[in-house]
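Have the sequence and the 3D view open as you read.

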Amino acid sequence: MKKKYQILGLTCTTCEQKVKTALLQIEHIQDISVSKETSTLIITSDREILLNDIQKEIIKKGNYEVKIIKNTQEFGKTQKKWIQIYKPIILVFFYITTVTICIELQKNSFDWMEWMRFFMASFFLVFSFFKTIDIQGFAKSYQMYDIVAKRIPPWGYIYTLLEFFLGMGYLINVYPIWINIITFLIMSVSIIGVLQSVLQKKQIQCACLGTVFNLPMSTVTIAEDVIMIIMSFIMIFIHFI
């Protein structure tokens, strides 16, 4: 199969050779064509190669960035349906929602505030887990669109640990007001980079589930952040009334 990408940052023939050498190290890639004149990269492989895997290799050789070109011709591959693309994140939300609802249904009354607390605990712990599987890969991907990570590269590593501690904080209900304020602030900042990427129609990988799944940045990512922002705001509001 062949796939065409846009590649940014090429300035000379040496750059072309660096990119080609780096990508040929990836298993299943059979041939590479790189052009600084047209800023294109064509990869021939015997299986699908994740965009994040490509970016991880070329970033080692210089300040290069790869983007998917829309409407490019692909050989031997049919376009995936929306449900197939976002199946992992849909399942994650389904399981988190179902489990936390079941916890509340065991009681005589359904406590919405407690349900939101358990939902947010599960959300942060699960998403932190997937990021931790390849924390270096997540940090690189996150740096491509997050406004803080672009300026402070270690933020990707800090963010993963912060998600874990927020999840534990919600789970054991320690300092709830501060946990909600921190959540509201970091998710509000995080959504800025997501909105910019979606509005500018950048074809980059969403790092919400780390590098385990190749999920494109889209309105689904926006919805995910908005849910957490709304829930944390409601819990802050209820605390002060």
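A residue counts as buried when its relative accessible area is under 20%. Thr183 has 0% relative accessibility, so Thr183 is buried. The model is predicted.

**Thr183**
- Thr183 sits in helix H9, which spans residues 176-199.
- Its side chain makes a polar contact of 3.0 Å with the side chain of Tyr170.
- A polar atom of the Thr183 side chain also lies 2.9 Å from the backbone oxygen of Ile179.
- Beyond neighbours within four places in sequence, Thr183 touches Met120, Phe124, Leu166, Tyr170, Met228 and Ser232.

**H5 and H10**
- Two packed helices are described by the angle between their axes and the distance between those axes.
- Helix H5 (residues 112-133) packs with helix H10 (residues 219-240) at about 140 degrees, and the axes are 11 Å apart.
- That angle makes H5 oblique to H10.
- The two helices cross with left-handed geometry.
- From H5, the contact draws on Met113, Trp115, Met116, Arg117, Phe119, Met120, Phe123, Phe124 and Phe127.
- From H10, the contact draws on Glu224, Ile227, Met228, Met231, Ser232, Ile234, Met235 and Ile238.
- Sorted by class, this contact has 14 nonpolar residues, one polar residue and two charged residues.

**Where the topics meet**
- Met120 and Phe124 are among the H5 residues in the contact with H10, and both also contact Thr183.
- Met228 and Ser232 are among the H10 residues in that contact, and both also contact Thr183.

Conventions
Residues numbered from 1 in each chain as written. Predicted model: local features only at pLDDT ≥ 70, side-chain atom pairs only at ≥ 80, totals over all residues. Heavy atoms only, no water. Axes fitted to C-alpha atoms, helices over the stretch in contact; angles between N-to-C directions. Helix = DSSP H or I, 4+ residues; strand = E, 2+ residues; numbered from the N terminus. Parallel < 35°, antiparallel > 145°, perpendicular 65-115°, else oblique. Left-handed = near helix turned anticlockwise from the far one by under 90°. Contact = heavy atoms within 4.5 Å. Nonpolar A, V, L, I, M, F, W, Y, C, P; charged D, E, K, R; others polar. Buried < 20%, exposed > 50% of the residue type's maximum accessible area, 1.4 Å probe, protein only. Polar contact = N/O pair within 3.5 Å; in protein donor to acceptor, adjacent residues only side chain to side chain.
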